[in-house]
Amino acid sequence: MNIAIKPIKIKKKSVIPGFGITMGFTLTYLTLLVLIPVSMVFLNTAKIGFKEFWEIASSERVLASLKISFSTSFLAAVINVVFGLLLAWVLERYDFWGKKLIDGLIDLPFALPTAVAGISLTTLYSKNGWIGKLFAPFGIKISYTPLGIVVALVFIGFPFVVRTVQPVLESIDFEVEEAAACLGATRFQTFFRVILPELLPALITGFALAFSRSLGEYGSVVFISGNMPMKTEITPLLIRTKLEQYDYAGGTAVAAVMLIISFLLLLMINAFQWWANRHKSS
Amino acid sequence: MAGSIPIQLKTDKEAAYAKKRAVKGSKLVPIVLTTIALLFFILMLIIPLISVFVKAFEQGANLYFASITDPIALKAIKLTLITIAITVPINTVFGLAAAWAIAKFKFKGKNLLITFIDLPFSISPVVAGLIFVLLFSTSHGLFAPLLNALGIKIIFAPPGIIIATIFVTLPFVARELIPLMEAQGTAEEEAALTLGASGWKTFWHITLPNIKWALLYGIMLTTARAAGEFGAVSVVSGHIRGLTNTVPLHVEILYNEYKFSAAFAVASLLTLIALVNLIVKNVAYSKMNRIHKAGEKKNVPEA
């Protein structure tokens, strides 16, 4: 092994070819398809000027949509952390019939087109639907209310939590739990004092991934929300509505708000993971 | 804290029992937790999945087949297939090139580059559609004068749909390949190259066999997302029936016209693609694990 590596170290240059061409292609492709298009939002926002941008961004309807988007995404992400953890725990720790099938199906919300999820959930949770019917006698409406938006966001978000928690749960050594048990900890204490702190970074990452995906979600929500301005209109839908009314400046300004929020979330997730990794290794 | 007082254990048998009980917990807890988890899973995932097919066949098989062979549905399927045929190959080439540059070489700014590749994932599909309207719209776009002079239509036409789809599916292949290729390192390629193999030969005979399952799954993800993308495509399509409708947009139109059985019939096609996707994923991952484990075993005596 050493013989093969040494000459490379001396030359300080890799023998592997193709860096120039693959890197050049990658950068060109990304610039043309991602960087220039995304920067268009900010260029166009700059064109309308800060005063008008602020007027649009702080208008009642935009604020209402942000409030709905944030509150439903937050609630859905909290539900997803609880049930995502539970599913990951059950799949990693217990044996039962059909476990492999369930594990394989967890990713369905990633794979299923959002429009299909949207029409399916809307039909199920409407007052004549299989599930909505059970709630209708109590006067609870799910489809066409904020509750319906939460249902759709729970559907698209829970695999994020399951898939971030699963590998960490798998890696926790049984000996740690045995040690806790031998020292007299109850199962309850072991879980909350030993396992949960270990899982916390994964849970926060899963929460953030599900939350940021939920904020931008469109396809599944647009069917179930009913799209009433000020009541069940999420921010992505408001952008779409503004574009359909040929209000390009308005749509772009709201998009800029959303982009800034998603960049901040992306940055926070990356910074947190970096911090968690460093914390773990030290 | 009464619970944390160490218990004095007399025999090994007692100790083993206490340990087992403490690690495994009581028998009731697993049953309760598994039941709650399964109820959530059935409610949130199985019922929505089954309901697609039940609703699709509610009005009989005749209507089902009539809905998916309707001329407008067939045109939507054709446009979706064209979009896949263009999107998948070029994003596969991009994914391979990006993964090669990122995984096989060291350079500054690698994390930033990976973040840029991931960017389409963190952007709302609606915003993804909007950015191409801002570039190519014939009334408001940056390239409007040029497009008008040449008489080319991109927005509210198939090219816009294809470009938006390329954008949203851009990260999939690269994302599947980068971690795998980074884990595999460069030793095998270096060996082949120092023994005199050409760069292409090394790629075909060394790298490609090592990454084939991840590549296959990346391609499958790209295909499924290209077939199912809704938000971005909806913004750039203009919903011109029979011309700029993809399969998901056709589902939306049918649903909004209260043709529920027809909408679910067409939706069931997309659901089948999603299920195939999951099967490919599970096969690919089990193959990768097997290769990984076999490789580990093989390497132990040599090292």
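## A loop residue in chain B

B:Phe156 lies in the loop between helix H7 (144-150) and H8 of chain B; helices (H or I, at least four residues) and strands (E, at least two) are DSSP runs, numbered from the N terminus. Although B:Phe156 is not a glycine, its phi is positive, about 60°. Most residues other than glycine have a negative phi. B:Phe156 counts as partly exposed because 19 other C-beta atoms are within 10 Å. A residue is buried if 20 or more other C-beta atoms lie within 10 Å of its own, exposed if 12 or fewer, and partly exposed in between, with C-beta atoms placed from the backbone.

## Model and numbering

This is a predicted model, in which local features need pLDDT of at least 70 and side-chain atom pairs count only at pLDDT 80 or more, while totals for chains, interfaces and linings use all residues. Residues are numbered from 1 along each chain as its sequence is written, and chains are lettered from A and ligands numbered from 1 in the order in which they are written.

## Chain B as a whole

Chain B has 14 helices and zero strands. Of its 303 residues, 42% are buried. Two residues are in contact if their C-beta atoms, placed from the backbone, lie within 7 Å. Among the contacts in chain B with a separation of 6 or more, 73% join residues 24 or more positions apart.

B:Gly242 belongs to the loop between helix H12 (231-237) and helix H13 (247-256) of chain B. Leaving aside neighbours within four places in sequence, B:Gly242 is in contact with B:Ile72 and B:Lys75. B:Gly242 is partly exposed, since it has 14 other C-beta atoms within 10 Å.

## Helix H9 of chain B

Helix H9 (residues 171-184) of chain B has 14 residues and reaches 20 Å from its first C-alpha to its last. This is close to the 20 Å expected at 1.5 Å a residue, where the expected span is 1.5 Å times one less than the number of residues. At B:Ile178 the helix H9(B) bends by about 25°, and B:Pro179, a proline, follows within four residues. The bend is the angle between axes fitted to the seven residues ending at a residue and the seven starting there.

Buried residues of H9(B) include B:Phe172, B:Leu177, B:Ile178 and B:Met181. Their cover includes helix H4 (71-104), helix H5 (110-122), helix H8 (158-169) and helix H11 (199-228) of chain B. After H9(B) comes B:Gly185, with a positive phi near 70°.

## Where the chains meet

In chain B, 80 residues are in contact with 79 residues of chain A. Helix H2 (residues 28-56) of chain B gives the largest share of the side of chain B that touches chain A, 15 residues. That side divides into 56 nonpolar, 17 polar and seven charged residues. Ala, Val, Leu, Ile, Met, Phe, Trp, Tyr, Cys and Pro count as nonpolar, Asp, Glu, Lys and Arg as charged, and the others, Gly among them, as polar.

## Confidence in chain A

The mean pLDDT of chain A is 89, and 94% of its residues reach 70 or more; pLDDT is the predictor's confidence in each residue, from 0 to 100. In chain A, confidence is highest in helix H7 (residues 114-125), at a mean of 96, and lowest in helix H1 (residues 2-11), at 46. Over residues 1-11 of chain A, pLDDT stays under 50. Where pLDDT is low, the predicted coordinates should not be read in detail.
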